[in-house]
Amino acid sequence: RAKWLFGGYTYASTLFGLPSFFVATIASALVPMLAAESSRRRVVEADRLVNSAMRITVLVSSVAAFGLAAVSEGIMGILYGSGADGECLALSSELLRCLCIGIVPLSVVTVTNAVHQTLGHPNIPVVSIACGGALKIISNFVLVSNPEINIRGAAISTVLCYVLTAIINISGLKRYPYIGIEVRKVVIKPLTVGVCVYFAVSLVSLKMKEHLPMHFSTLFAVL
């Protein structure tokens, strides 16, 4: 039973980490450009770079998160259907939908870590990761030990970990008076796009299921 539950969580966590690979490239590109602008005291350009990186990060991660949540069952069926138990796939889909909540915070953590390290405050990511890790350990112990929650507690604790880490990292941006996050452009608009993607993909997938097998309807919805 324990191996079965762990297998379901493993399937879900594999897809959960996938969008972070794309965001890591944004962070890697941001570091040298931000370091150059900061060294030249070009604060306006530094602010523009950080806001642009954050906007693209939230946009990419929110589309990935809402898209995966919309077709979680179909994606799991395509990737693991031939070699996995049906109940395990159902559990994996549920866990993936929960983990999708943490994709945006995880992506924000990746970029803000790069910002803090570039601007000379690497202690902020250290503190935020330590706090997030402590919360994850505690919530894991409390939630997973609850029979009604069980392995779902691992997914919930992962989300809580990255949400707390992201909050601390974003709060740490106040150390740089020349950097101001434009909430409307960085948060509201990208998340709105993500919500639209969720409903569009869900609708297409639902309609296609009436005419095609689940695997084909999922691929059509993704495209």
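Colleague: Hi! Which residue forms a salt bridge with K185?

Modeller: Hello! In this predicted model, K185 pairs with E182, and their closest N and O atoms are 3.7 Å apart.

Colleague: Are those two buried or exposed, or something in between?

Modeller: Both fall in the middle class. K185 is partly exposed, with a relative accessible area of 39%, and E182 is partly exposed at 36%.

Colleague: How many salt bridges are there by this rule?

Modeller: The count comes to four. One of them joins E94 and R152, with the closest N and O atoms 2.6 Å apart. That pair links distant parts of the chain: E94 sits in helix 5 (residues 86-99) and R152 in helix 8, 58 residues apart.

Colleague: Nice. How accessible are E94 and R152?

Modeller: E94 has a relative accessible area of 31%, so it is partly exposed. R152 is also listed at 31% and counts as partly exposed.

Colleague: And what does R42 pair with?

Modeller: The side chain of R42 meets that of E37 in a salt bridge, at 3.3 Å from N to O. R42 is partly exposed, at 38% relative accessibility, whereas E37 is buried, at 12%.

Colleague: Why does E37 count as buried?

Modeller: Because buried means under 20% relative accessible area, and E37 has 12%.

Colleague: Changing topic: where does R41 lie?

Modeller: R41 is in the loop between helix 2 (18-39) and helix 3 (43-70). R41 is exposed, with a relative accessible area of 71%. Its phi is positive, about 65°, although R41 is not a glycine.

Colleague: What about the phi of N150?

Modeller: That one is positive too: phi of N150 is near 55°, and N150 is not a glycine either. N150 lies in the loop between helix 7 (123-144) and helix 8 (152-172), and is partly exposed at 25% relative accessibility.

Colleague: Which residues does I151 touch?

Modeller: Leaving out residues up to four places away in sequence, I151 touches L5, Y9, L91 and L95. The C-alpha atoms of I151 and F6 are separated by 7.3 Å, with the two residues 145 apart along the chain.

Definitions and conventions: Residues numbered from 1 in each chain as written. Predicted model: local features only at pLDDT ≥ 70, side-chain atom pairs only at ≥ 80, totals over all residues. Heavy atoms only, no water. Helix = DSSP H or I, 4+ residues; strand = E, 2+ residues; numbered from the N terminus. Buried < 20%, exposed > 50% of the residue type's maximum accessible area, 1.4 Å probe, protein only. Contact = heavy atoms within 4.5 Å.
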